[in-house]
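Dear colleague,

I am passing on the structure below, followed by an account of what turned up when it was examined. Please read the notes alongside the coordinates.

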Amino acid sequence: MTLVLKGARCVDPQVNLDSVCDILVEGTQIIAIDNSIDAPQNASVLDCSGKVILPGLMDIHVHFRDPGQEYKETIEGGCASSAHGGYTDVATMPNTSPVCDTGALVTYQIEKSRACGTARIHPIGAISHGQQQESLAEIGDMYAAGARAFSDDGRGVQTAGLMRIAMDYISQFDAVAISHCQDEFLVGSGVVNEGVVSTRLGLAGWPAQGEEIQIARDIMLSELTGCPLHIAHVSTIKGVEMVKQAKQSGLQVTCEVTPHHLFLCEDDITEDFDTNYKMNPPLRTKEDMLALQEALIDGTIDCVVSDHAPHAAHEKDYEFERAPFGIVGIETELPLILTNLVQNGKLSWSRVVQTMCINPRKILRCNPVVLKPGSEATLVVIDPQKKFTVTKDWLVSKSKNTPFLGFELTGCATDALLCGSWTLRSGSVAIQS
Ligand SMILES: [Zn+2]
């Protein structure tokens, strides 16, 4: 396919690019980027005036439930949701059934995503066999199959001893340990942030310290072992401060934040007991929420992730205490960032690229995706003015569990290319052959 994308504002700080220009794509590659490109005779032309083009987005924290819980989501459905959200690359957490703890299960996901063609999956391997935390998973085998990050996400690693052995081992590869920080003994049956709201609603509290103790521990273990560490879904002021200090002292520590922790807080949970507000870690205080926004803007937080966690309607339709944690988010992620931080000028487009394209790939040891001639044509076209309402019909994901239903948002992906093939076209997921 030969294609000219005309007149979009193209932004990529990797090559100091921020200007209105045309992009010529041939086959899988970007051939030229220039102020004005005359379309070759056989080329199709897409008018992108008023739009913004960025390198394809990457989300390094999603749950696609495949294998084992395909009634919640499948790899095909997860990849389609990714394309709808403007994402060309995603990293899947290993808490599937069976748990992704061998090279074969890493290969299974990579090959299945290749077959759908709507997004590339970069599987994250488990730290322990079956996430049972008794013995290490087949980390070398998974690395050989392509995994570059290891995590028991869904659970914190409960003993410092096992985490130390895992980090010692992971540090021998070009790979990173990802920590879901949760001390199960301290958190117990907590379902919402411990404080005013847990008291008001009479629900068991999940204290900030239940997260912060493991952040502190794993930063110390990163210092001890030299293993790069990435803190998943940081949700508190103190958590962010610890990551900041670790960075200042030269440790290889990074962290991520979700849109729900950036834009919702515990005060949003009401007597309706809407289980779409039940996530892990829980929504924290308003002060925490505002501090996370600041930390994303100032660079302390490295990347934005969705923690896309599909659950079937019958599972979320339970008492608050009994419903599972988690919400879907890969489709609303970019629109929420645009609506709440970019439209008002708090977050620059360049910082969007940094936190949603460049840093996620760096952390997961993926090849960079760059808007320059000779690079793979993997990019997203965004309409920053497009207004829409989040509805169940608008969501492509099999599961619809999100507190953002009914929200009016401004700005979303309209088109996307993965290695020169459409994955999103005029807002609809492109069907790959
Ligand atoms: Zn997690």
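The elements that give two or more residues to the side of domain 1 that touches domain 2 are strand 1 (2-12), strand 16 (379-389), strand 17 (408-418) and strand 18 (421-425), helices (H or I, at least four residues) and strands (E, at least two) being DSSP runs numbered from the N terminus. Strand 17 gives the most to that side, with 7 residues.

This is a predicted model, in which local features need pLDDT of at least 70 and side-chain atom pairs count only at pLDDT 80 or more, while totals for chains, interfaces and linings use all residues. Residues are numbered from 1 along each chain as its sequence is written, and side-chain values use heavy atoms, with hydrogens and water left out.

The domain assignment gives domain 1 as 2-53 + 373-385 + 408-429 and domain 2 as 56-363, bounds that come from an automatic or database domain assignment. The contact (heavy atoms within 4.5 Å) takes 24 residues from domain 1 and 24 residues from domain 2. The two domains bury about 1,900 Å² between them, 71% of it on carbon and sulfur atoms, buried area being the accessible area (1.4 Å probe) that two parts lose on being put together, summed over both. In domain 1, Leu 409, Leu 418 and Val 429 lose the most area to domain 2, together 24% of what that side buries.

**Salt bridges**

A search of the whole structure finds 16 salt bridges, each a side-chain nitrogen of Lys or Arg within 4 Å of a carboxyl oxygen of Asp or Glu. The count between domain 1 and domain 2 is 1 salt bridge. Glu 376 and Arg 120 meet through their side chains in a salt bridge of 2.8 Å, N to O. Glu 376 is partly exposed at 25% relative accessible area, and Arg 120 is likewise partly exposed at 24%, given that buried means under 20%, exposed over 50% and partly exposed in between (1.4 Å probe, protein chains only).

Glu 315 and Lys 72 form a further salt bridge at 3.1 Å, N to O. Glu 315 lies in helix 11 and Lys 72 in the loop between strand 6 (57-62) and helix 1 (75-85), so the pair ties together parts that are 243 residues apart in sequence. Both Glu 315 and Lys 72 are buried.

**Two buried polar side chains**

His 311, in the loop between strand 15 (303-304) and helix 11 (313-316), is buried, with a relative accessible area of 7%. Its side chain makes a polar contact of 3.4 Å with the side chain of Arg 65, and one of its polar side-chain atoms lies 2.7 Å from the backbone oxygen of Phe 325.

Asn 359, in helix 13 (residues 349-363), is also buried, with a relative accessible area of 10%, and its side chain reaches the backbone oxygen of Asp 302 at 2.8 Å. Leaving aside neighbours within four places in sequence, Asn 359 is in contact with Asp 302, Cys 303 and Gln 354.

With best regards

Methods: A polar contact is a pair of N or O atoms within 3.5 Å; within protein, one must be able to donate a hydrogen and the other to accept it, and residues adjacent in sequence count only if both atoms are side-chain atoms.
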